[in-house]
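Please keep the sequence and the structure in view while reading.

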Amino acid sequence: MAEAEETRQPSLHVAIIMDGNGRWAQKRGKPRLFGHHAGARRVSEILEACPDLGVKYLTIFAFSTENWKRTQAEVAGLMSLFRRYIEKEARKLFKRGVRVRFIGDRVRLDEKLVSLMDDLELLTAENDLVHLTIALNYGSRDEVARATKRLAEDVAAGRLRPQDVDVETLPHYLDTCVLPDPDLVIRTSGEARISNFLLWQSAYAEYEFVDTLWPDFSAGEFVEVVNRFHLRERRYGAVTG
Ligand code: IPE
Ligand code: IPE
Ligand code: MG
């Protein structure tokens with residue numbers, strides 16, 4: 001067992017708020033959707049860098065519950081980009097050993113997109129090299145509200161006793177129930193805010209806010225950020241040293 005412990009690869013969970021696509025496009029005098037397409041192309045490169053870095057879980061914020069406030073054209077363009085991305089990348093993700101999951105509320109998404117999401121989850125269900133979670137129509141407050149609703153239903157039906165609700169039980173109701181908590185949350189584009197992403201799960205995550213706009217965020221910079229993370233001391237409220 002000791003030997004197995006020693007040779008064990010770290011299994012980090014890195015979550016990314018992929019921000020700055022719009023500004024990247026604007027700087028080039030292009031429509032915002034041009035930036036979203038460039039941003040989508042970045043994902044594969046970052047994903048490929050994960051195994052060597054010991055990143056077993058990569059969670060990316062693709063569309064928030066607040067992003068519906070954008071113009072109808074931008075929202076429609078993003079939805080069609082998500083459909084096309086899944087159609088185009090599904091086989092590649094499967095062959096590369098990536099297990100894909102989606103978090104967020106699917107109710108507001110169109111049927112065709114939801115069925116592509118379901119198919120991709122099923123296709124990659126046996127993979128285990130990297131676990132890619134795509135947050136689509138995801139908002140942490142919405143997730144906690146949906147979780148609480150299901151928890152209340154279980155209490156009302158007698159499946160759960162109120163006195164058994166604690167910090168161990170509640171996460172079972174979250175969309176992320178099968179995932180470990182993120183170790184590192186990266187946000188690109190210079191904004192230092194969380195924008196409703198993984199609020200419960202990131203209670204003890206380390207944060208990195210980088211100025212690079214998402215379509216410019218290279219694998220090299222990703223490696224640098226992850227290496228910086230390894231230099232940090234995580235105390236979880238305790239006193240060390
Ligand atoms: C992030 O880029 C992608 C989504 C939110 C869908 P933005 O579209 O927010 O880009 P900026 O922040 O306007 O530059
Ligand atoms: C957060 O970015 C959501 C995603 C990256 C999908 P936003 O651009 O929507 O966040 P705000 O509006 O700047 O807080
Ligand atoms: Mg933004």
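A residue is counted as near a molecule if one of its heavy atoms lies within 4 Å of that molecule. The model discussed here is predicted.

By that criterion, the residues around ligand 2 are I17, M18, D19, F61, A62, F63, N67, R70, R187, R193 and S195. Several of these side chains make polar contacts with the ligand. An oxygen atom of ligand 2 is 2.8 Å from an N or O atom in the side chain of N67, and a polar side-chain atom of R193 also lies 2.8 Å from an oxygen atom of this ligand. For the side chain of D19, the distance from an N or O atom to an oxygen atom of ligand 2 is 3.2 Å. Taken alone, ligand 2 exposes 390 Å², of which the protein buries 78%.

Ligand 1 is surrounded by 13 residues, and the closest are D19, G22, R23, R32 and R70. A polar side-chain atom of R23 lies 2.7 Å from an oxygen atom of ligand 1. The backbone takes part as well: a polar backbone atom of N21 is 3.1 Å from an oxygen atom of the ligand, and a backbone N or O atom of G20 lies 3.4 Å from one. Ligand 1 exposes 380 Å² when taken alone, and the protein buries 87% of that area.

Six strands form an open sheet in the order 3-4-2-1-5-6, with parallel pairing. Its edges are strand 3 (98–103) and strand 6 (206–209), each of which pairs on one side only. From one strand to the next, the twist averages 20 degrees.

Within this sheet, strand 2 (residues 55–64) runs parallel to strand 4 (residues 130–138), and seven bridges join the two. F63, one of the residues around ligand 2, stands opposite L136 in strand 4. Helix 4 (residues 72–95) packs on the sheet, where it touches strand 2, strand 3 and strand 4, and its direction makes about 155 degrees with that of strand 2. Helix 3 (residues 32–53) lies across strand 1 (12–17), strand 2, strand 3 and strand 4, running at about 155 degrees to strand 2.

In one of them, the rings of F63 and F82 have their centres 6.2 Å apart and their planes at 80 degrees, so the pair is edge-to-face. Because F63 lies in strand 2 and F82 in helix 4, this pair ties together parts that are 19 residues apart in sequence.

Definitions and conventions:
Residues numbered from 1 in each chain as written. Chains lettered and ligands numbered in written order. Predicted model: local features only at pLDDT ≥ 70, side-chain atom pairs only at ≥ 80, totals over all residues. Heavy atoms only, no water. Pairing = 2+ DSSP bridges. Helix = DSSP H or I, 4+ residues; strand = E, 2+ residues; numbered from the N terminus. Axes fitted to C-alpha atoms, helices over the stretch in contact; angles between N-to-C directions. Contact = heavy atoms within 4.5 Å. Polar contact = N/O pair within 3.5 Å; in protein donor to acceptor, adjacent residues only side chain to side chain. Areas by Shrake-Rupley, 256 points an atom, 1.4 Å probe, with all protein chains shown as cover. Phe/Tyr/Trp six-rings, centres within 6.5 Å; stacked < 30°, edge-to-face > 60°.
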